[in-house]
Amino acid sequence: MIARTTNNIGNLLYTQKKFGAAIEYYEEAIEGGREVGEMILESVAMANVAFCYGKMDSLEKGKAYFQEVYDFNLDNEVLFVHGQVCAEFADLKISLGDLEGAKKLLEESLARSGEVSDSTTIGNAWSIYARVFMEERKPQQAIAYLEKALDIAERYEDPELGIKAGKTLSDIYRQEGEMELALNSFQAYITLRDSVYAKEKSQQLAELTSILQTERKQLELDQLKAEKEFQDHVVGQQRRFISGLAVAFGVALVMLVIVVVGERRRRRTNQSLAERNAFIAAQKQEIEAQNITLEAKNQEIESLIEIVAHDLKAPISKTKALLDMVDRGATDPQTNTYLDMAEKVLGNSEELIRDILIIRNLEQESGLLKTIPVDLVGLLKETAQAYLGTSEAKEIRLVHQLPANTPLVTTNAQAVQRIVENLLSNAIKFSPAGTEVVLQLESLAGGTKISVTDQGPGISREDQARMFQKFQRLAATPTGGESSTGLGLAIAKTLAERLGGQISVESELGQGARFTLELPG
C-alpha cells in the first residue's frame, strides 16, 4: 500500500515535470516493492525512473535503467508489463540513433503484448514504429502504422495513445504537404489533448484527496488504538492493585505519558495535514489557471483557423477559375483525370472553408434569427429537387412526403434550407445503392416537425453522443468516396437553436437513421 502510494506521488510530480523529485519517490517505490515482493510494482517504478531521465535529456542514464528493468523482467518472468517496457526502451533508442536496436525491441514488444492481449501497448508500439519509418524516410508506412494506432486508441478508449499518435500523424501530413489532412488531425489532437488534460488534473485532485482521507482514517485508528490501550492499562492496574498511593501514582504517570505522546503525534499529524491541504489548494488554483489558459489558447487556434480560411478563399477561387478555362478537348484523358481530381480537391477545400466561416459567424453572434412567414412545403420541394441528380447518380430514391398545403410558418427560410440541405446531403452520402431517403413534414400542436430518414448503416450510441460537435470523425464512411468537413451537423444544431428549435437523431446500428428538426410556431 505504501509503495503504491509513493509511486503514485511520483506520477503526480512527473506530470508536473518535476522529474528530479519524481525519481526520489520512484526509487522509494522500488525498495518498497522489493521488500513486499511485488515484482510488477518494482518493474513499473524502475521504468518510471528511466522515463524521467529521458525527459531530463540524460539518455544514457535512461538507457541503463531500461536495460536493468528489461533484464529484471526476463529473469523474474514479469511478462505482463514487459511489452510496455520494450516499446518505451525502443523509443529511447530511436532518440539515441539506434534504429536496428529499436526495431528488435518493438518486435519483442508486439510479441509479448500479443501473448497477454495488451492491445493498448500494441497500439503504442505501432506509434513508435512510425518514428522509425520517418527516420528511414518512409512516410507512407509511418502513416499506415499511426492510423492502426489511432484505431486501437479509439476502440479501447486510450486517449493518451490517441494524443501521441494524432500529434505525430499531423506533423507527418504537414511535412508531406497534405495541409487539409494535417489540419483535421491537428484539430482532433488538440480537442483530445485538452479534454484529457482537464480529466488528468481532476484525477490528480481526486488522488490527493484520497491520500488525505486515508491519512485521516489512519490517524483516527491510531487515536482509537491509543485510547483502547489506555483503557486496558487502567483496567489491568485496577485489577492488580486494590488501593494505595502507588496505584494512583502509576496510573497518573501512565496517563501523563500517553497524553504527552498523543499530543506530539497529534501536532505532527496536524502539521502534515496542513501541508497536504496547502498542496491540494495550490494544485486546485493551478488547475483553474491552466484551464483558463487552455480556453484562451483554443480561442487563439479558432481565430487562426478563421484567418487561414479567409486567406485561402481567394487563391482557391482563382485556381478553380483557371481550371474552368482549360480546354478539356485539347488535353489527353489522363490529364483530364488529373484536372477532375484537382477540381474535386478544390471543391472539398472550398466547402471546408465555407463551413468554418459559417460556424465561426454563428458562434460569434447571439440571439434568435430574424423570421418571416414561410411556405415550408414549397421550400422543402425546392430543396429536395436540388438533390435529385446526386441521389439518382448513386441509385438512391429520394422521396418527399409533404402535405398538399400547410399554413405559413414563421421562421427563417435560409436557416431551415441550410439545415435540410445538410441532412439530405449526409443521408445520400452514407446510403448504399438501391435504398431510399425520405423527407417528411408534419404539423404539430404548437410547432412543426421536419424529418429525414435513410436506410444507411446506422449510428452507434458513442457516435450519437458527439456527432453534433465540431470536427468529429464518425465510424461510418461515405458510400461513394465523398468528403466530409465534420462541421455540417454542428452548423445544423447551432442554426436550429438560433431558430428557437432543436435537432435530434434516432438510430440503431444496421437500421438506418432518422434526423428530426422541430420548429416552434
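Predicted model: local features only at pLDDT ≥ 70, side-chain atom pairs only at ≥ 80, totals over all residues.
Residues are numbered from 1 along each chain as its sequence is written, and side-chain values use heavy atoms, with hydrogens and water left out. Helices (H or I, at least four residues) and strands (E, at least two) are DSSP runs, numbered from the N terminus.

The protein chain contains 17 helices and seven strands. Of its 521 residues, 40% count as buried, buried meaning under 20% relative accessible area, exposed over 50% and partly exposed in between (1.4 Å probe, protein chains only). Among contacts (heavy atoms within 4.5 Å) with a separation of 6 or more, 67% join residues 24 or more positions apart.

Helix α7 is largely enclosed by the rest of the structure, because 13 of its 17 residues are buried. Helix α6 (residues 99-115) packs against α7 at an angle of about 160°, the axes being 9 Å apart. Axes are lines fitted to C-alpha atoms, for helices over the stretch in contact, and angles run from 0 to 180 degrees between N-to-C directions. The crossing of α6 and α7 is left-handed, that is, the near helix is turned anticlockwise from the far one by less than a right angle, clockwise being right-handed. Residues in this contact include Leu99, Ala102, Leu106 and Leu110 of α6 and Ile122, Ala125, Trp126 and Tyr129 of α7. Just after α7, Arg137 adopts a positive phi of about 60°.

Ser95 belongs to helix α5 (residues 82-95). With a relative accessible area of 44%, Ser95 is partly exposed. Beyond its neighbours within four places in sequence, Ser95 contacts Leu59 and Arg131. The C-alpha atoms of Ser95 and Asp57 lie 10.0 Å from each other, although the two residues are 38 residues apart along the chain.

A further helix pair is formed by α1 (residues 2-15) and α2 (residues 19-36), whose axes come within 8 Å and cross at roughly 160°. This angle makes α1 roughly antiparallel to α2, and their crossing is left-handed. Among the residues that meet are Ala3, Ile9, Leu13 and Tyr14 in α1 and Phe19, Tyr25, Tyr26 and Ala29 in α2.

Five strands form an open sheet of mixed pairing in the order β2-β4-β5-β7-β6. Its edge strands, β2 (397-401) and β6 (502-507), each pair on one side only; two strands pair if DSSP finds at least two bridges between them. From one strand to the next, the twist averages 15°. Six bridges link β6 to β7 (residues 513-520) in the antiparallel sense, and Thr516 in β7 is the bridge partner of Ser504. Helix α13 (residues 376-385) packs on the sheet and touches β2, β4 (436-444) and β5 (447-454), its direction making about 170° with that of β4. Helix α17 (residues 488-498) lies across β6 and β7 and runs at about 135° to β6.

Conventions:
Parallel < 35°, antiparallel > 145°, perpendicular 65-115°, else oblique.
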